[in-house]
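Work through the exercises below with the sequence and the model open. Each task is followed by a solution in steps.

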Amino acid sequence: MGFFGGDTTVSVSSTIYNMAGDINKRPDYLKSTVTAGVLGETGASLADLIQNAYINGPGMNLRSFYRWAAGSSGYEDAVGFTSGSLVTGNSLDNVALADQIQTSLGAPAGYSVAIQSSDLGYADISWWAEQYILANHPERIETAWHCDYVNGQGVITWADGGQEGFTPAGFNPAAKYLFATYTLNSGAVDGTVVPGQTVTLDVNTGFPSTADWKVDSSVLTPTTLDLVNTVTTSHTYSDNRTPDSNTVTTHKSAQGINTSAVFEKTSYLGIDPANPKRTHSTRQIMHQDQVVSIVDNPPVTTTSTNLVAGSTSVTSTQTVVTKTQTTRLTRTYRIDTQDVTNGTQSGLQVFIYPLGSGNGVLDAMFNPPADMGRFFPYIPVRIDNRMVSDTYKPDVYAMAKKAYKKATTKNFDDFIAKINENQSIKDIDYAYVVFGVSVNVAEITAKKYLWNFFEACMESASFTPHAYAQFKAKWAAAQAVQDVFNAWVLANGNSSVYTQAPPMGDFPALPTQSLEIRTSSSSNLNYDMVISWNGIESSFGAGRADPAHGAGDIWWVLNGADTLTRTTRVSQDPETGLSEFSFQVPYVTLYWQVDGNNWKALHIYGLLHRNYVYNGKSVDISITDALKDKEESGFIIPLNEEIFRSMSLKDTTQMSTACTYIVFNCYTVVKQPWYASAGFMVVVIIIIIIITIVTWGSGTGPATSFYGAIGAAVGLSGVAAIVVGFAISMIAAMIVSKILGYAAKKLFGEKIGAIIGAIATVVVMVVGGTMAGGGTWAEGLSQLTAPQNLLQLTAAVAQGVNQYVATETKDVLQQTNELLEKYNADMQSVADKYGSVIGSNLAYFDPMQLTDVSAPPTPGHAYVYEPADSFLNRTLMTGSDIAELNSTLIEQYVSLTLDVSQSIAT
């Protein structure tokens with residue numbers, strides 16, 4: 001996502017469907033093998049049965065399929081293979097990144113790049129949309145907009161519904177990019193000095209205080225002044241004689257000092273309200289001058305009249321004018337002003353660099369991927385809204401057909417035909433079969449694969465331990481710095497108290513380890529998924545990690561999520577410049593109770609599955625959503641061949657029963673997942689298991705015919721009939737064995753009867769298939785165990801049907817009907833016993849329940865097992881005991897069959 005968490009419309013959809021069918025009805029391979037061995041006519045010992053079942057089982061099938069695809073089959077050339085690139089961490093250096101952005105932009109002199117955030121990731125149209133909006137409509141970046149990528153164009157839809165298109169330069173859905181947000185900052189710029197008024201101080205006024213001013217300069221200049229005194233004496237006479245005048249000049253030296261001082265003070269004004277991008281100050285320059293100057297004193301004039309010497313009538317008037325000079329100190333000051341720009345911050349901008357574009361410094365910030373080996377190849381089914389066929393991509397079709405047969409043993413054309421039956425198939429643009437494990441899988445062996453997978457990722461040489469913990473600490477520190485900066489913006493924008501700007505927070509990049517699995521041939525199918533996480537840590541301990549989980553159990557625990565908030569500034573405007581963005585990093589733990597006394601755990605942060613459907617559009621599933629999903633999640637960890645091969649054959653065989661998925665991708669969201677409905681039951685893997693176990697992979701034979709006949713009675717055919725017939729025959733055999741057990745006790749007494757009942761139970765189950773084919777004694781019982789009668793008997797027990805038909809002996813038919821009517825009222829009890837004997841799930845039937853006296857009781861049910869004394873008596877029987885038992889059985893056969901209802905009632 002972009003810096004603002006871009007609200008990008010999801011116009012793609014992806015849904016998976018496990019081809020093993022319902023998650024609650026999947027088989028336990030080993031138990032199913034043993035059960036089938038008891039029920040079917042295999043002609044082999046149980047040991048041989050198990051060995052052959054695993055050798056011919058789905059685990060070996062998958063291994064064989066991989067070898068074929070990876071070999072000289074030509075599959076890689078026609079379809080493509082899937083390899084994994086593991087990328088752990090990154091080498092982002094924001095200082096070097098700022099230098100490279102500044103160089104590539106050709107930033108003007110005096111400007112520097114300040115990184116706000118940086119990240120590495122795959123193509124996300126949100127980054128290009130933010131780049132466009134910030135450059136063209138920065139005022140709308142915080143509004144509710146979203147962006148789509150349509151036909152090579154970015155389409156922004158604004159909050160008011162209007163749309164605007166742009167061309168996302170360099171957008172490549174398959175490429176990896178370095179994304180960064182930054183601002184361009186300038187240094188200080190001095191404005192013009194505006195002169196102030198000169199103020200002359202009187203003798204009683206001092207200069208303004210300079211206590212908080214800085215002295216720029218102070219000059220003292222000594223000076224010598226020449227003070228001139230003149231005395232002019234003039235006479236005028238009363239007899240009008242010519243006046244006379246005489247001036248006498250004298251000089252006097254005086255010393256003085258001239259001073260000139262310049263003081264400076266800068267007042268920080270913070271953010272300029274007229275231009276919030278700018279912070280500024282007012283610089284004041286005060287000139288203080290003191291000058292000593294010569295001042296002319298006012299002239300002094302004296303006048304006197306006297307008789308001219310020697311005359312008694314002529315007078316002389318004498319005027320004396322005295323002029324003197326003195327010194328005077330003149331003090332003046334002037335304060336000039338200057339507006340100084342401390343710095344400018346441009347609006348937020350977005351930088352996008354594609355990996356491998358020629359900048360060695362930036363390319364080095366992408367950690368090289370580690371080879372995660374090869375994964376099981378996908379099988380394409382539908383490409384560009386068309387099914388592959390012999391007329392559409394015939395080369396791909398031919399290989400896909402062979403691959404599907406080898407992986408599932410089934411027919412590819414039948415599979416495609418089944419998908420095409422639904423009219424909504426036109427909604428699907430791409431479909432392919434993949435092999436993997438859903439993270440919320442219930443199967444323990446599949447969880448072992450999950451453990452091995454994540455452990456292998458953690459142990460990769462390029463993995464950085466504790467990277468996520470270190471990231472959280474750095475993030476908290478960056479947010480603390482950013483909080484101080486945001487507080488400064490508010491204080492300096494809305495008050496008269498201004499302070500210098502603190503630094504902005506530099507948020508670290510979220511450490512992300514990712515595994516990308518994609519096809520090596522992009523021309524055929526856009527198969528591309530990325531599994532990413534932010535950290536993996538391991539721990540271990542003694543005892544039980546959780547008392548609710550026993551030895552060997554593996555389980556997930558949801559621990560919540562870390563919420564990380566980034567409050568930053570897209571501008572210094574106190575009103576509109578603040579942007580807040582939060583995201584969560586989920587935290588889960590995968591526990592493994594290794595044995596009764598030891599456990600280990602993997603703690604995984606930020607686990608995410610991203611399925612790229614089309615042109616960079618992806619369907620994202622977080623681990624939290626996946627584990628909360630009640631259905632099997634589309635969060636699939638694909639099968640890595642090396643990890644798969646390292647597991648035991650027992651585990652991989654069991655896992656292989658449910659690790660085949662079909663993935664449906666489309667460009668628009670499909671509201672109804674028709675392909676996961678009851679009308680699209682692709683239960684391929686269960687069918688494989690049944691055929692493999694019962695017929696050693698042949699799909700034919702007496703047992704197959706027997707079970708197929710039962711299935712055919714309910715309108716099914718082919719493999720489906722075999723599967724259903726298998727289930728029906730198991731239920732019926734158990735019911736018949738119980739009936740014979742009661743009859744045996746009536747005829748032979750409690751002790752011998754229990755032995756007969758135990759033997760009869762085994763006999764009915766083992767020879768069930770043979771009875772359908774004929775035989776002397778088996779022929780006599782075939783009327784009870786014929787397919788149509790087994791079906792009716794099963795229906796009577798399961799659904800309350802009171803009739804039992806299709807027996808040739810009229811009396812036996814009548815007695816059987818009466819018997820079933822009598823037991824109609826006890827159906828619930830029979831169902832409970834059936835549940836306790838074979839379980840509520842046929843696939844998980846455990847024959848050992850019949851003899852396990854130590855098995856814990858199930859609430860509401862009672863286990864029916866062979867008592868210990870009957871087991872000992874039966875196994876310790878001598879030859880004469882066996883002979884007597886056989887003789888009694890033959891002699892009493894007629895009475896047994898005619899008196900069966902009375903025997904059971906007893």
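The model is predicted: local features need pLDDT of at least 70, side-chain atom pairs count only at pLDDT 80 or more, and totals for chains, interfaces and linings use all residues. Residues are numbered from 1 along each chain as its sequence is written, and side-chain values use heavy atoms, with hydrogens and water left out.

**Exercise 1. Describe the protein chain as a whole.**

Solution. Start with secondary structure: the protein chain has 26 helices and 31 strands, where helices (H or I, at least four residues) and strands (E, at least two) are DSSP runs numbered from the N terminus. Next take burial, defined as under 20% relative accessible area (1.4 Å probe, protein chains only); 47% of the 906 residues of the protein chain count as buried. Finally consider contacts, meaning heavy atoms within 4.5 Å. Among those in the protein chain with a separation of 6 or more, 74% are between residues 24 or more positions apart.

**Exercise 2. Find the residues that touch the most other members of the largest nonpolar core.**

Solution. A nonpolar core is a set of buried Ala, Val, Leu, Ile, Met, Phe, Trp, Tyr and Cys residues joined through side-chain atoms within 4.5 Å. The largest one holds 83 residues, and Ile379, Phe412, Phe453, Trp556 and Leu639 touch the most other members. Helix 10 (residues 444–458) supplies the largest share of this core, 8 residues. Now take Phe453: leaving out residues up to four places away in sequence, Phe453 touches Met372, Phe375, Leu515, Ile637 and Ile643.

**Exercise 3. Determine how the buried residues of helix 9 are arranged.**

Solution. First list them: Phe412, Phe415, Ile416 and Ile419 are buried in helix 9 (residues 412–420). Viewed down the axis of helix 9, the buried residues fall within an arc of 95°, so they line one face of the helix; the arc is that of the directions from the helix axis to the C-beta atoms. An α-helix has 3.6 residues a turn, so residues three or four places apart point the same way. Then look for partners: the buried residues of helix 9 pack against strand 19 (379–383), strand 20 (386–387), helix 8 (394–408), strand 21 (430–438) and strand 31 (660–666).

**Exercise 4. Locate Gly256 and its surroundings.**

Solution. Gly256 is in strand 12 (residues 244–272). Its relative accessibility is 11%, so Gly256 counts as buried. Beyond neighbours within four places in sequence, Gly256 contacts Thr221, Pro222, Thr223 and Val292.

Notes. Buried < 20%, exposed > 50% of the residue type's maximum accessible area, 1.4 Å probe, protein only.
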